[in-house]
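Please keep the sequence and the structure open while going through them.

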Amino acid sequence: MTAGTAVFKVKLFPCAATESLLAMLPLTLDMNDVNGNEKYARLPEAVPAKEEKPGVVHAGDLMLWGEDGLVIFYETFSTPYRYTRIGRVEDADNLKSALGSGRVTVVFSLHNKEDDE
């Protein structure tokens, strides 16, 4: 995941929503700030949702809201809302500053381990 010049590794969780999201990659989304704790964008198409109430959302969580809303959380907080867990940014320390305070363009792409060699 790339936001501006910052690159983040995302650990993906196995589920139907993740598989559908992977099929869309590479994916560039203009994401809006919502509630001062998350970035949100609609996906080009709906994906299978399996919602649950996490109770607490953590900075770095990547979740699906509804069937077509992708959310990156950059703050930790309690929530009554339901989400489908997609993944988690592995090192979210600089996530908030990378995402900024307004709209941001975020690119999701696959990274092959062979690229590191």
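The points below cover conventions, strand pairing, loops, aromatic rings and salt bridges.

1. The model is a predicted one, in which local features need pLDDT of at least 70 and side-chain atom pairs count only at pLDDT 80 or more, while totals for chains, interfaces and linings use all residues. Residues are numbered from 1 along each chain as its sequence is written, and side-chain values use heavy atoms, with hydrogens and water left out.

2. Strand β10 (residues 84-89) pairs with strand β3 (residues 10-12) in the antiparallel sense over 3 bridges, and G87 is the β10 bridge partner of L12. Strand β7 (residues 61-65) also pairs with β10 in the antiparallel sense, over 4 bridges, with R85 as the β10 partner of M63. Strands here are DSSP E runs of at least two residues and helices are H or I runs of at least four, both numbered from the N terminus; two strands pair if DSSP finds at least two bridges between them.

3. Two residues of the loop between β4 and β5 deserve a look. N35 lies in that loop and has a positive phi of about 60 degrees although it is not a glycine; N35 is exposed, with a relative accessible area of 65%. N37, in the loop between β4 (27-34) and β5 (38-42), is buried at 11% (buried means under 20% relative accessible area, exposed over 50%, partly exposed in between, with a 1.4 Å probe and protein chains only). Leaving aside residues up to four places away in sequence, N37 touches I72, F73, Y74, E75 and F77, contact meaning heavy atoms within 4.5 Å.

4. The peptide bond from L25 to P26 is cis, with omega near -5 degrees, and P26 is placed in the loop between α1 (16-24) and β4.

5. How many aromatic pairs are there? The count comes to 3, where rings of Phe, Tyr and Trp (its six-membered ring) pair if their centres lie within 6.5 Å, and planes under 30 degrees apart count as stacked, over 60 as edge-to-face and the rest as tilted. Y40 and W65 form an edge-to-face pair, at 6.1 Å centre to centre with 75 degrees between the planes. Y40 lies in strand β5 and W65 in strand β7, so this pair ties together parts that are 25 residues apart in sequence. Y40 counts as buried at 16% relative accessibility, whereas W65 counts as partly exposed at 41%. F73 and F77 form a tilted pair, at 5.7 Å centre to centre with 55 degrees between the planes; F73, F77 and Y83 form one aromatic cluster, and F73 is buried with a relative accessible area of 0%.

6. The structure holds 6 salt bridges, each a side-chain nitrogen of Lys or Arg within 4 Å of a carboxyl oxygen of Asp or Glu. One of them joins R103 and D30, with the closest N and O atoms 3.9 Å apart. This pair links distant parts of the chain, R103 being in the loop between α2 (95-99) and β11 (104-108) and D30 in strand β4, 73 residues apart.

7. Another salt bridge brings together the side chains of D61 and R88 at 3.0 Å, N to O, and this pair links strand β7, which holds D61, with strand β10, which holds R88, 27 residues apart. D61 is buried, with a relative accessible area of 3%, while R88 counts as partly exposed at 31% relative accessibility.
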